[in-house]
Amino acid sequence: MADQAVGWPVLRSDVLADGRVVTLVEDEVRTPDGSTITRQYLRHPGAVGVIALDEQDRVVLVRQYRHPARHRLLEPPAGLLDVAEEEWLVGARRELAEEALLAAEDWRVLVDQFVSPGSTEESVRIYLARGLRPVPRPDGFVVEGEEAHMDVVLAPLAELVAAVLAGRLQNPLLVAGVLATEVARRDGYDRLRPADAPWPARHQRP
């Protein structure tokens with residue numbers, strides 16, 4: 001069971017709008033039967049998220065305002081892959097330090113996902129980080145915007161699983177990360193991929 005990396009031929013690609021993070025594009029695509037379709041979607045740099053788990057099976061989260069959703073969401077520390085040539089794990093370590101003031105000794109890949117593959121190319125990798133220790137905020141990082149109003153929350157994994165299944169928590173990185181952590185916990189995390197595992201979605205980007 002595996003997703004298949006396939007790219008139908010693009011006959012035309014136009015930029016409709018260029019934003020600070022995302023770009024709206026329109027592609028004319030040739031299908032396998034020779035017909036053409038037109039699709040609009042968002043180009044996105046992708047992101048990484050971190051389920052930081054302490055020795056008491058508690059998860060370190062942030063509560064952040066998300067304007068498009070009009071909610072303050074409980075989320076794992078996460079951020080864009082918008083630093084040129086930065087390795088994915090380096091980005092995850094940076095986000096954990098910036099948002100939660102933590103570092104971790106043990107890193108594994110929990111899950112990879114496309115956030116909304118019908119409308120954006122955004123792909124996300126969620127890591128499991130254990131062996132936590134406090135660290136200072138990285139030099140040069142300025143807390144601003146929504147991040148200036150974030151709270152750090154420590155929550156038991158079991159309570160998060162129950163809240164996800166009850167529909168009280170909706171952030172996609174949190175939902176996928178928490179449920180994957182609960183499944184992986186049952187066999188001591190032995191089936192999780194190493195932190196430097198290949199990420200096929202990143203190699204398929206145009």
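Two strands count as paired if DSSP finds at least two bridges between them, and strands (E, at least two residues) and helices (H or I, at least four) are DSSP runs numbered from the N terminus. The model shown here is predicted, so local features need pLDDT of at least 70 and side-chain atom pairs pLDDT 80 or more, while totals for chains, interfaces and linings use all residues. Residues are numbered from 1 along each chain as its sequence is written, and side-chain values use heavy atoms, without hydrogens or water.

**View 1. An open sheet of 3 strands, in the order β1-β2-β3.** Pairing is antiparallel. Strands β1 (10-18) and β3 (36-43) each have a single partner strand, so one side of each lacks a neighbour in the sheet. Over 8 bridges, β2 (residues 23-30) pairs with β3; look for E28, whose bridge partner in β3 is T38.

**View 2. Around L128 in the largest nonpolar core.** Such a core joins buried Ala, Val, Leu, Ile, Met, Phe, Trp, Tyr and Cys residues through side-chain atoms within 4.5 Å; buried means under 20% relative accessible area, exposed over 50% (1.4 Å probe, protein chains only). Of the 26 residues, those touching the most other members are V59, I126, L128, L160, L169 and V178. Beyond its neighbours within four places in sequence, L128 has contacts (heavy atoms within 4.5 Å) that include I51, W107 and Y189.
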